[in-house]
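Visitor: I would like to know how the labels on this model were assigned. Please set each value against its cut-off.

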Amino acid sequence: MNGLEGPKPDMDKTTQLDHLTERQRRELEYHRDHAQHCAYILEQEFSFEVTEQTQSTRRWWNAYWEMYWFLIQQNLQEKTVLVVGCGFGEDALRLAKLGAKVYAFDLSPDSLQIAQQLAEREQLSIHFSEQPAETLNYESDFFDLVLARDILHHVDIPEAMREINRVSKPGALFVYDEVYSHSLTDTIRHSKLVEQVLYPLMQNFVYDNKKPYITEDERKLSERDCEQINQVFNTVVLRKYYYFIVNRVLPEKYDPLNQLDRMILAMTGFVGRWIAGRILVAGSVNK
């Protein structure tokens with residue numbers, strides 16, 4: 001088991017969230033219902049495959065796999081890591097499996113309950129806490145690495161980034177993997193033609209007839225959001241864009257199409273920031 005040694009913030013009990021904003025309350029209610037529909041996760045085998053990839057099994061076209069390919073290279077053994085908005089704890093478990101001392105928090109106690117049960121089942125020691133990203137109760141200069149996956153587009157970015165910067169050690173790594181849409185592309189996406197005609201036709205096909213996991217208040221990160229987030233960096237060491245056609249017109253499940261999609265974005269160079277639907281960034285925190 002991965003013991004959590006060293007100084008520990010006051011996290012022995014989950015935070016009582018008495019001062020939530022209206023947005024946070026809506027998010028909390030959505031995830032309460034979402035967790036009830038995802039209890040089946042506890043009956044399934046948990047996969048650590050993405051943490052065990054090699055050069056021959058690497059899925060370079062997939063942002064999530066590429067994020068872990070980068071993380072594997074960082075030698076996380078005994079590093080103190082924070083998972084922002086951990087949800088059901090998938091990343092917390094995988095980072096603990098890589099040897100990190102993992103702290104993870106989420107706004108939803110229902111999601112955290114599933115995460116805690118998964119960690120106990122997999123015999124991984126992870127310190128879970130219930131709190132919002134905008135007001136963290138961790139010590140300053142505490143974490144070697146902070147990971148934010150599909151969470152920053154749910155939060156108040158300036159407040160959350162101030163907290164992430166505060167709890168990170170000088171030079172700590174900050175990694176984020178987020179849904180993204182340039183403001184120009186987003187204008188096209190929300191035009192009447194797309195919103196009222198094309199999107200309803202494509203939704204079932206792209207999401208494979210499943211209900212999209214989209215909350216009322218979430219918005220994809222724009223290039224302006226990313227510029228604001230990137231202010232935390234001293235040096236950016238990784239920036240990649242994904243999803244030109246995939247997840248917009250075509251579903252993600254076809255690997256050859258994913259590979260072609262990623263190659264198109266790679267070949268477009270700087271233009272990729274205008275047409276991509278997902279962004280992966282990592283860098284060292286400037287303090």
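**Labels and their cut-offs**

Guide: Ser 108 is found in the loop between strand E2 (101–106) and helix H4 (109–121). Helices (H or I, at least four residues) and strands (E, at least two) are DSSP runs, numbered from the N terminus. This is a predicted model, in which local features need pLDDT of at least 70, side-chain atom pairs count only at pLDDT 80 or more, and totals for chains, interfaces and linings use all residues. Residues are numbered from 1 along each chain as its sequence is written, and side-chain values use heavy atoms, with hydrogens and water left out.

Visitor: Why does Ser 108 count as buried?

Guide: Buried means under 20% relative accessible area, exposed over 50%, and partly exposed in between (1.4 Å probe, protein chains only). Ser 108 has 2% relative accessibility, so Ser 108 counts as buried. Contact means heavy atoms within 4.5 Å; leaving aside residues up to four places away in sequence, Ser 108 touches Leu 28 and His 31.

Visitor: What makes Glu 78 buried, exposed or partly exposed?

Guide: The relative accessibility of Glu 78 is 47%, and therefore Glu 78 counts as partly exposed. Glu 78 lies in the loop between H2 and strand E1 (80–84). Its phi is near 70 degrees, a positive value in a residue other than glycine.

Visitor: And why is Tyr 243 called buried?

Guide: Tyr 243 has 9% relative accessibility, so the label is buried. Tyr 243 sits in the loop between E6 and helix H9 (255–268), with phi near 65 degrees, again a positive value in a residue other than glycine.

Visitor: How do you know that helix H2 (residues 63–72) is mostly covered?

Guide: Nine of the 10 residues of H2 are buried; among them are Trp 65, Met 67 and Phe 70. The buried residues of H2 pack against helix H3 (90–97) and strands E4 (143–149), E5 (168–179), E6 (233–242) and E7 (278–285).

Visitor: What makes a set of residues a nonpolar core?

Guide: The members must be buried Ala, Val, Leu, Ile, Met, Phe, Trp, Tyr and Cys residues joined through side-chain atoms within 4.5 Å. The largest such core has 44 residues, and those with the most contacts inside it are Leu 71, Leu 95, Ile 126 and Phe 128. H2 supplies the largest share of this core, seven residues. Not counting residues up to four places away in sequence, Leu 71 touches Leu 76, Leu 95, Leu 145 and Val 175. A second, separate core of 34 residues includes Phe 105, Met 161, Leu 265 and Val 285.
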